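User: I am new to this structure and would like to learn how to read its features one at a time. Could you take me through them, giving the general idea before each case?

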Amino acid sequence: MPFPEHLQHLIQNDQPLAQLTWLGIGGPARYFAEPHSREQLIELVQAASKAEIPVRLLGSGSNVLVRESGFDGLVLSLAASSLSTVSVAENQLTAAAGAKLSHAITHAVGEGLGGLEHLAGIPGTVGAAVSGNVSAAGGDIGSLVEQVEVMETDGTIRVIPKEDLQFSYRKSNLSGLLILSVTFALEKNDAIKLTKRLQKFWIVAQNQRPDGEPRLAQPFIDPDGFSADDLIQQSGMGGMRLGNASLTAGKPNYLLAHSGATSDDIVQLLARVREQVSSQSGIDLQLNLQIW
Ligand SMILES: Cc1cc2nc3c(=O)[nH]c(=O)nc-3n(C[C@H](O)[C@H](O)[C@H](O)COP(=O)(O)OP(=O)(O)OC[C@H]3O[C@@H](n4cnc5c(N)ncnc54)[C@H](O)[C@@H]3O)c2cc1C
């Protein structure tokens, strides 16, 4: 066992990942751990690095498709309460990476700090949201970030200030780094006004999502100046089913995994959509969904 003895009780071997992802598909992680503290997290990452074991972080699993072969490395969850804290000082909110984005937003609003409300309804954790620069209603999360605390794969921790951060549509220069915490610079405002704004965005987000479908993903990003939904619809792929995976008819940039779906069903369906959209419009749709 490549991990120090005092951490071995944290390690689960061959942990199935399907139940930890929204699509509910995929094989096991060779090693899986949910550290209880930042010290344990650092030690686990350092031990994995020393043994040349690749490491990945798993947030809420809303943007990951795991292959049936699983992941031959260490998957870490930051769901423990000490790795999901949210705190406020003046107009800044600091969220540990494992905090749910929804929790960070409601906490900010409750403290009379505005800026994050338009992201209401996006599933997932703060770490993944900032790494992938989530966006909704015309605004991204990156523009609100003041600094990010990251860990290198050898366990070194450093703080990256706003000036050194780069965010573009659904991208950041943080990929490959493990985000530990994020500080947002927000604007003081009336908590009641912000709550109403938050509710409005939340209702819009809920209305856009397919009803009663628990196993879903938003596979593609919108190409510059276009909507992935429209491009897929115009290519005649709305509602398309392949094996046990399908696109919704009305909002075809939602992918559904039906009972018995495999990662191959999904990969093949996404490849078919890209081909079809490309041949109809000349646009190469880019994936948002991370395939492990
Ligand atoms: C119904 C639905 C609606 C959605 N709506 C939107 C939307 O409106 N806008 C939008 O932008 N996205 C949207 N998404 C996509 C998804 O919610 C985001 O990509 C979200 O940030 C994923 O968070 P997660 O915690 O579930 O990440 P996961 O799926 O667990 O992981 C995603 C990636 O982030 C990495 N990661 C996780 N934690 C960290 C960390 N601490 N440091 C570094 N990397 C990390 C993982 O390794 C993985 O590569 C939607 C998805 C669904 C299913």
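Analyst: Arginine 56 lies over the face of tryptophan 292, at 5.2 Å from the ring centre; a charge sits over a ring if NZ of Lys or CZ of Arg is within 6 Å of the ring centre and within 35 degrees of the ring normal. By that rule the charged end of lysine 200 also sits over a ring, that of phenylalanine 201, 5.5 Å from its centre. This is a predicted model, in which local features need pLDDT of at least 70 and side-chain atom pairs count only at pLDDT 80 or more, while totals for chains, interfaces and linings use all residues. Residues are numbered from 1 along each chain as its sequence is written, and side-chain values use heavy atoms, with hydrogens and water left out.

User: How is an aromatic pair read, and how many aromatic pairs are there?

Analyst: A pair of aromatic rings is described by the distance of the centres and the angle of the planes. Rings of Phe, Tyr and Trp (its six-membered ring) pair if their centres lie within 6.5 Å, and planes under 30 degrees apart count as stacked, over 60 as edge-to-face and the rest as tilted. The count here comes to 2 aromatic pairs. The rings of phenylalanine 3 and tyrosine 31 have centres 5.2 Å apart and planes at 80°, so this pair is edge-to-face. It links distant parts of the chain, with phenylalanine 3 in the segment before β1 (12–16) and tyrosine 31 in strand β2 (residues 28–33), 28 residues apart. Phenylalanine 71 and tryptophan 292 form a tilted pair, 6.0 Å centre to centre with 50° between the planes. Here phenylalanine 71 is in strand β5 (residues 71–77) and tryptophan 292 in the segment after β21 (290–291), 221 residues apart. Helices (H or I, at least four residues) and strands (E, at least two) are DSSP runs, numbered from the N terminus.

User: Is phenylalanine 3 buried or exposed?

Analyst: Buried means under 20% relative accessible area, exposed over 50%, and partly exposed in between (1.4 Å probe, protein chains only). At 3% relative accessibility, phenylalanine 3 counts as buried, and tyrosine 31 is buried with a relative accessible area of 8%. Phenylalanine 71 and tryptophan 292 are buried as well.

User: Which residues of helix α4 are buried, and which exposed residues lie on the face turned away from them?

Analyst: A helix can be read by its span and its sides. Helix α4 (residues 191–208) has 18 residues and reaches 26 Å from its first C-alpha to its last, close to the 26 Å expected at 1.5 Å a residue, where the expected span is 1.5 Å times one less than the number of residues. Its buried residues are Leu194, Leu198, Phe201 and Ala205. They cover an arc of only 70° around the axis, which puts them on the same side of α4; the arc is that of the directions from the helix axis to the C-beta atoms. The face turned away from that buried side carries the exposed residues Ile192, Lys193, Lys196, Lys200 and Asn207.

User: Where are the residues with positive phi, asparagine 133 and alanine 137?

Analyst: Asparagine 133 has a positive phi of about 45° although it is not a glycine, and its place is in the loop between α3 (126–131) and β9 (135–136). Alanine 137, with phi near 50°, is in the loop between β9 and β10 (139–140). Asparagine 133 is buried at 1% relative accessible area, whereas alanine 137 is exposed at 62%.
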